[in-house]
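This report describes one protein model for a reader who has not seen it before. The sequence and the structure come first, and the description follows.

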Amino acid sequence: MTFPANRMRRLRRNDALRALVRETVLEPGDLIYPLFICPGEGVRNPVSSMPGVFNLSIDEAVREAQEAAKLGLGGLLLFGLPESKDEEGTGAYDENGIVQQALRALKQSDAAKNLVLIGDVCLCEYTSHGHCGVVVKSRDGFDIDNDPTLELLARTAVSQAKAGADVVAPSDMMDGRVAAIRKALDTEGFGQTPILSYASKFASAFYGPFREAADSAPQFGDRRSYQMDGANMREAMREIELDLEEGADMILMKPAMPYLDVVHAARERFGVPMGAYQVSGEYSMLQAAFEKGWLDRNRAILESLLGIRRAGADFIVTYFAKDAAKLL
Ligand SMILES: [Zn+2]
């Protein structure tokens, strides 16, 4: 059948009809809100390249959690800015590290009952050199030494689970980290703690503003020897497959917008819960356009998130989580 029997516009005539035939829905519970925790009390330091995003002391983070819970968000993803950094990133796996303290405080607050608390597991915020693993000298200058890094990541995951993390999320892209973390969690009695692996994480220019927020820019070199080349789809599928084999319970795709085809391909191929991270650059670029008055703020926020859901993500990590929840 064709026109005039078929008229696609019949179902677009009003809000009620459009809502009835809507294929993809966005809900506050699908959104995860990242928080950057810093030392101190009553601290709310704005991140200049990410309007609306702050470095928060623990008391302020608890306040944010209360608001997040009230808005019905799905969870929080915690990053830490430690008091001091060193070569081995000891702040990442210190029992009294900044994220561990925040997890304990959040667990004690009422807010956290309805929020999934996710600990970002990586070393780059805690190492003086800003890389995600142990740095060693090599023929080419330096190298990120994979295997010794695994133990430090596993310790980080265990210490976060001990402090109250509901989920641990390794973002480092070292080979074998999921297996190492799973084994350590199981050995330490955290067999029920799920792993959300940043399975497909591309080396991306869109992480720029995050490095200011988390103070985690590499002091030399870049991360291309461990994060993936943006050109590679097959490699992304292989990374995911390996992480699942090693015991990942959920996968996280990062960035989102420039890699929606990868999100979609992963959705077609893997039947596991999958999230996508609308990264700092995606956020800042939209914020810049809003400041200029070039885009309709509310519509653009929701459309950017809907696109990620439509591509196949079950949940989205986004700095717009609170804004979006208010609009839904
Ligand atoms: Zn890292």
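L11, L20 and V21 make a nonpolar surface patch of about 290 Å². Patches are built from residues with over 30% relative accessible area and no salt bridge, where like charges are joined within 9 Å and nonpolar side chains (Val, Leu, Ile, Met, Phe, Trp, Tyr) within 5 Å. Accessible areas come from the Shrake-Rupley method with a 1.4 Å probe, and for residues only the protein chains shown count as cover. V21 sits in the loop between α1 (15-20) and β1 (31-37). Its relative accessible area is 37%, so V21 is partly exposed. Buried means under 20% relative accessible area, exposed over 50%, and partly exposed in between (1.4 Å probe, protein chains only). Helices (H or I, at least four residues) and strands (E, at least two) are DSSP runs, numbered from the N terminus.

The model is predicted: local features need pLDDT of at least 70, side-chain atom pairs count only at pLDDT 80 or more, and totals for chains, interfaces and linings use all residues. Residues are numbered from 1 along each chain as its sequence is written, and side-chain values use heavy atoms, with hydrogens and water left out.

**Zinc site**

Three protein donors, C122 (SG), C124 (SG) and C132 (SG), lie 2.2 to 2.3 Å from the zinc ion. Their spacing in sequence is C-x1-C-x7-C. C122 and C132 are both in the loop between β5 (116-121) and β6 (134-138), so this pair ties together parts that are ten residues apart in sequence. C122 is buried, with a relative accessible area of 0%, and C132 is buried at 1%. Donors are N, O and S atoms within 2.8 Å of the metal (3.2 Å for Na, K and Ca); water is not among the atoms, so sites may look incomplete.

**Salt bridges**

The structure holds 21 salt bridges. A salt bridge is a side-chain nitrogen of Lys or Arg within 4 Å of a carboxyl oxygen of Asp or Glu. The table gives some of them.

| Pair | N to O distance |
|---|---|
| R18 and D15 | 2.7 Å |
| E67 and K322 | 3.0 Å |
| R267 and D314 | 3.0 Å |

R18 and D15 both belong to helix α1 and are three residues apart, about one turn of the helix. R18 is partly exposed at 32% relative accessible area, whereas D15 is exposed at 57%.

The salt bridge between E67 and K322 has its closest N and O atoms 3.0 Å apart. This pair links distant parts of the chain, with E67 in helix α2 (residues 58-70) and K322 in helix α11, 255 residues apart. E67 is partly exposed, at 29%, and K322 is buried, at 12%.

In the salt bridge of R267 and D314 the N to O distance is 3.0 Å. R267 lies in helix α8 and D314 in the loop between α10 and β12, so the pair ties together parts that are 47 residues apart in sequence. R267 is partly exposed at 23% relative accessibility, and D314 is partly exposed at 31%. Shared partners join the salt bridges of R44, E60, R63, E64, E67, K322 and K326 into one network.

**Helix α10 and its cover**

Helix α10 (residues 297-311) has 15 residues and should span 21 Å at 1.5 Å a residue; its end C-alpha atoms are 22 Å apart, which agrees. The expected span is 1.5 Å times one less than the number of residues. Buried residues of α10 are A300, I301, L305, G307, I308, R309 and A311. Their cover includes β1, α8 (260-269), β11 (274-278), α9 (280-292), β12 (315-318) and α11 (321-327).

**Two residues and their contacts**

R177 is found in helix α5 (residues 177-187) and is buried, with a relative accessible area of 1%. Leaving aside neighbours within four places in sequence, its contacts (heavy atoms within 4.5 Å) include L150, L153, D172, Y198, D243 and E246.

E88 lies in the loop between β4 (75-80) and α3 (98-108) and is partly exposed, at 42%. Not counting residues up to four places away in sequence, E88 touches Y93, T127, V134 and L152.

**Backbone angles**

Most residues other than glycine have a negative phi, and most peptide bonds are trans. M173, not a glycine, has a positive phi of about 70 degrees. The peptide bond from F3 to P4 is cis, with omega near 10 degrees, and a cis peptide bond also joins K254 and P255, where omega is about -10 degrees.
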